[in-house]
Amino acid sequence: MPKKRSGGGLTRTQQAAKFVGVSVLAGAVMAGIALPAAGALGLAAKGTVQGFDEIPANLKRPPLSQRTTILDSQGGQIATVYSRDRTVVDLKDISPYMQKAIVAIEDSRFYEHGAIDLKGVLRALNRNAQSGGVTQGASTLTQQYVKNVFVEEAGDDPDKVAEATQQTLGRKIQELKYAIQVEEELGKKKILENYLNITFFGQQAYGIEAASQRYFSKPAKDLTLEESAMLAGIVQSPSRYDPVNDVQEATKRRNVVLSRMAAVGDISQAEAERAKATPIKLQVSKPKNGCITAVDGAGFFCDYVREVFLSDPVFGEDREERSKIWNRGGLTIKTTLDPQAQKAAQESIKNHVYQTDKVATAVTMVQPGTGKILAMGQSRPYGFGKNETQINYSVNKRMGGSNFGFPVGSTFKPFVAAAALEQGKPPTQVYSSPYQMPYPSSVSTCSGKPWVNQGDKVENENESEVGPYALKDAMAQSVNTYFVQMIGEIGMCPVVEMTNKLGVVQGNDAKMPEVPAISLGSKGISPLNMANAYATFANRGTYCTPTAIESIKTADGKSLEVPKTSCTKAMSERTADTINSLLRDVIDSGTGEKAGLTSRDNAGKTGTTDARKNAWFVGYTPNLSGAVWVGSPSQDVEMFSIRIGGQYHDKVFGGEVPGPIWRDAMTGALEGREAPDFVGVHIPEAPKDGKGKPGDNKPGDNKPGGGNGGGDNGKPGGDDPWGGITIPPDLIGGGNQRGNGNGGGWR
């Protein structure tokens, strides 16, 4: 009985059988490419073959996955993202030593043979048969390049990678056919250039430029002889010859390459010996991949940009197509992020809320008139560690945010007021506004089926808040019962129609429900949504969809189409100007006094939810809108007797913690920029009763200070639609207009 050699080797009989079998396989491969004898001989001597199908374009210019660079609006780098860390370079930008080293060790007869090296095949067959295993390959550099293209196209899909690397006769024949065509159409230099750009060098580095930067922190054109030899040696087994983890193995392999370079005449023996005597000197640059590396806390904005790309049809028919483009990379994406605003937001966050606090904060800023997102940050950094998160608290769930957004409290009240004003209610509207009251027995809805109260009640923050109140004071003091009475009179439909026009949706993208409790901000909304809705007030009633991307260029300099903001009229200028005046009073003398800016016109609204689980401040100037949320992302912290940012708070409300965050962030973001004013609207005091209180007109009274505001049909357009209101004559027709596309003079 034949005996195997120790270590699993084959007997001479088995070796001979294997040699014959491999030889037959080689013959089958040659037959498979349907070459006549003369063609085969020509192939071995740099010949070519006619009659194949057209070569796939990807083999001529492979769509190599490269790094994508994300820039701020001033061109500063925010982050680089990639599925493959690769920077494609021309052959002239690769060290001649590197070019010679890779050819010497991988295919020393590269410039002498065609796509297939018959001498190499026979030599490999002989040695493999002698060893009883596969100890030497016979693939040319061109064949390796073709195989790498298939692997690159497979991406990170394990099934596709397995298919691209399967060792079947059909696959080998396909590779050989393509290799022959590549040789004919590209030529040796282009093949070498493509090979060096596609090959994996370990340590997440694809292509020679990324490898040179990873191991030596220098461009590929500056690689020395010994550095080139080390990198060329890695290709055969990137894990085994990794110099970071095993410098001894890497040195041995480098020296093999140097000996081979001397043997083929690329360098002298003396040069090889000198290089061998030189220790490997690494200067490793750690991979900087992904939004986790973003500067100034912009990781969440970076991730938002990615989500915009993957979700917007402008970048491809479906998410799969868009993902392919994103993963291929090589893009330069210029965004709307303003570095001054982003830095100011992050500094304010850092000063007011600690990463380790029980609660978190999120800040988002938007430019009125353009929808440009200028800043987006939060107190818990982008990451995977303790007190870090990948959830973007500023955006909706489908864009990487929380499941439902966060209840907004009284910051919703301006939407109710805007709807009422659009319905013809005057800014002097008065309601009885008791401290506590049941919700209206029924409230009309868009469907025609009224909402019916099941015994629910509403009350104000303090027992001292007892009406009657006019709109101006009710907004400044955030009187709950006032706005419930208002929504009871005008109905739910005008309110949800207004929020639809303002782009206001819940964090899960659901529309606002038709229930009176929404007037108190009971539903979760994202900070970006709120900042952008309030930007509509600043823009005098014109709503613009938010946008994060200004331009995109591909690796070859081609510009891609990007999503554009879309602006529509959500309310009249007069309504917006009135809301601005109402919310200016919130900052001047109401619940938002601690948030006010002293150097410019500004307006805003505070918000606090039940059990103080959420606190908000949303405010704006004519050229910048910002929203600040503070609370527990899991909604399990009631903000009583709590330390936030090192400061103790007996109880948290919108003007107490979010307000100062907004003030400091806005101050920094607007420093050095123009300070335009709102269009002024004077809102007179409501008529007083005998006790010095505003007159409590019954709903529907068509009297000054009453329900329908003086118009015959209860809507703007009568003889005196808003009784008692005065507008400077020079402002009729728009006055100091903003929202002309430049964001109110943002400079």
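Me: Which residue is the bridge partner of Leu71 in S3?
Reply: Lys334 in S3 is the partner. Keep in mind that this is a predicted model, where local features need pLDDT of at least 70 and side-chain atom pairs count only at pLDDT 80 or more, while totals for chains, interfaces and linings use all residues. Residues are numbered from 1 along each chain as its sequence is written, and side-chain values use heavy atoms, with hydrogens and water left out.

Me: OK. Do strands S1 and S3 run parallel or antiparallel?
Reply: Parallel: S1 (residues 68–71) is joined to S3 by three bridges. Strands here are DSSP runs of E with at least two residues, helices are runs of H or I with at least four, and both are numbered from the N terminus. Two strands pair if DSSP finds at least two bridges between them.

Me: And what joins S3 to S15?
Reply: Four bridges, with S3 and S15 (residues 549–553) running antiparallel. Lys334 turns up again here, with Ser551 in S15 as its bridge partner.

Me: Which side chains of S3 are buried?
Reply: Ile333 and Thr335, which point to one face of the strand (residues 332–335). Buried means under 20% relative accessible area, exposed is over 50% and partly exposed is in between (1.4 Å probe, protein chains only).

Me: Switching to the five-stranded sheet: what's the strand order?
Reply: S5-S4-S20-S19-S18, an open sheet with antiparallel pairing. S5 (373–378) and S18 (603–608) are the edge strands, each pairing on one side only. From one strand to the next, the twist averages 5°; angles run from 0 to 180 degrees between N-to-C directions, and axes are lines fitted to C-alpha atoms, for helices over the stretch in contact.

Me: How many bridges are there between S19 and S20?
Reply: Eight, in the antiparallel sense, with S20 covering residues 624–631.

Me: Which helix lies across S18 and S19?
Reply: H22 (residues 573–589), which runs at about 65° to S18. Contact, by the way, means heavy atoms within 4.5 Å.

Me: Now the aromatics. How many pairs are there?
Reply: The count comes to 20 aromatic pairs. Rings of Phe, Tyr and Trp (its six-membered ring) pair if their centres lie within 6.5 Å; planes under 30 degrees apart count as stacked, over 60 as edge-to-face and the rest as tilted. Tyr534 and Phe537 are edge-to-face, because their centres are 5.5 Å apart and their planes are at 65°.

Me: Why are Tyr534 and Phe537 separated by about one helical turn?
Reply: Because they are three residues apart in helix H21 (residues 527–538). Tyr534 is buried at a relative accessible area of 0%, and Phe537 is buried at 0% too.

Me: What is the geometry of Phe537 with Tyr620?
Reply: The planes sit at 40° with the ring centres 6.4 Å apart, so the pair is tilted. It links distant parts of the chain, with Phe537 in H21 and Tyr620 in S19 (residues 614–621), 83 residues apart. Tyr620 also counts as buried, at 0% relative accessibility.

Me: Which residues do ring pairs link into a cluster with those?
Reply: The cluster is Phe412, Phe415, Tyr534, Phe537, Tyr620 and Phe678.

Me: Last one, zooming out: how many helices and strands does the protein have?
Reply: 23 helices and 22 strands. Of its 747 residues, 54% are buried. Among contacts with a separation of 6 or more, 70% come from residues 24 or more positions apart.
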